Amino acid sequence: MNANDPFVLGGVSLSSRLFIGTGKYGADSLIPAVAEASGSQVITVAMRRVDKPTSQKDGAAPGQTSQNILTHIPGHMRLLPNTSGARNAEEAVRLARLARAAGCGDWIKIEVISDTRHLLPDGYETAKATEVLAKEGFTVLPYINPDLYVARACVEAGAAAVMPLGAPIGTNRGLRTKEMIAILIEELDLPVIVDAGIGRPSQACEAMEMGAAACLVNTAIASANDPVAMARAFGEAVRAGRNAWLSGPGFVRGMAAGAEASSPLTGFLR
């Protein structure tokens with residue numbers, strides 16, 4: 001990323017605008033290599049996957065630990081615990097507090113989903129949880145449908161950024177909500193981080209070209225034939241998209257206006 005273009009979120013300056021996840025990998029042992037290849041500094045993890053070490057009282061052998069996803073996350077990365085599995089604001093708040101108590105820090109991605117088929121977030125409950133946790137000092141990043149009214153409610157509730165979906169979670173279908181995300185980028189003063197549904201590096205690049213502050217990508221990397229190479233591709237695409245947005249893309253000429261030569265067409269045949 002451009003050293004003169006840091007992404008400041010929750011008082012933290014980030015050089016990478018790609019966030020990654022920890023789910024769906026064939027083996028959690030891939031996560032360190034994926035993190036390095038992507039250049040990402042932020043990684044999200046579901047609280048239900050964070051286990052405490054077992055003790056001999058639990059019948060475990062000395063030194064034995066349970067399967068804890070945190071053991072695979074590089075120490076330099078900032079944890080973004082998420083409240084996946086929460087069905088209402090109360091459950092999301094409880095999971096956020098558990099994350100803080102477990103030493104995962106004060107950043108939290110709010111996911112409140114009671115729709116088990118389409119997995120669409122509940123905007124009303126998400127805004128409620130955001131308000132409670134923002135007052136408790138969390139850096140709250142709510143996962144939402146790209147609805148301007150929901151986004152504004154989350155902003156008013158104290159969100160540090162909003163995370164609208166590009167397509168239903170886990171689908172790799174791309175920026176199906178592009179026009180709605182563009183409205184959020186235009187209307188909100190907070191960063192807009194596109195989350196869910198991005199399936200190709202080109203789609204992440206497009207989101208960044210639109211002015212998104214960052215992208216969170218999990219399934220597209222984890223489900224690739226080569227997750228490490230795909231993570232690298234996403235890192236490059238996010239950088240390219242951000243640089244394109246900073247450079248100010250040129251105007252789009254309408255079809256009715258015809259084409260326009262990039263060099264003069266006169267004076268070269270005499």
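When I speak of a contact in this talk, I mean heavy atoms within 4.5 Å. The structure above is a predicted model, in which local features need pLDDT of at least 70 and side-chain atom pairs count only at pLDDT 80 or more, while totals for chains, interfaces and linings use all residues. Residues are numbered from 1 along each chain as its sequence is written, and side-chain values use heavy atoms, with hydrogens and water left out.

Let me start with the whole chain. The protein chain has eight helices and 10 strands, where helices (H or I, at least four residues) and strands (E, at least two) are DSSP runs numbered from the N terminus. Of its 270 residues, 47% count as buried, and buried here means under 20% relative accessible area, with a 1.4 Å probe and protein chains only. Among contacts between residues at least 6 apart in sequence, 63% join residues at least 24 apart.

Now to helix 1, residues 31-38, where Ile 31, Val 34, Ala 35, Ala 37 and Ser 38 are buried. Seen down the axis of helix 1, these buried residues fall within an arc of 165°, so they line one face of the helix; the arc is that of the directions from the helix axis to the C-beta atoms. What do the buried residues of helix 1 pack against? They pack against strand 3 (18-21), strand 4, helix 7 (219-222) and helix 8 (227-247). Just after helix 1, Gly 39 takes a positive phi of about 80°.

Strand 4, residues 42-46, leads us on to strand 5, since five bridges join the two, which run parallel; two strands pair if DSSP finds at least two bridges between them.

Within strand 5 sits Asn 82, which is buried, with a relative accessible area of 6%. The side chain of Asn 82 makes a polar contact with the side chain of Thr 44, at 3.0 Å, a polar contact being a pair of N or O atoms within 3.5 Å, of which, within protein, one must be able to donate a hydrogen and the other to accept it, and residues adjacent in sequence count only if both atoms are side-chain atoms. Leaving aside residues up to four places away in sequence, Asn 82 touches several residues, including Val 45, Met 47 and Ile 108.

Conventions
Buried means under 20% relative accessible area, exposed over 50%, partly exposed in between (1.4 Å probe, protein chains only).
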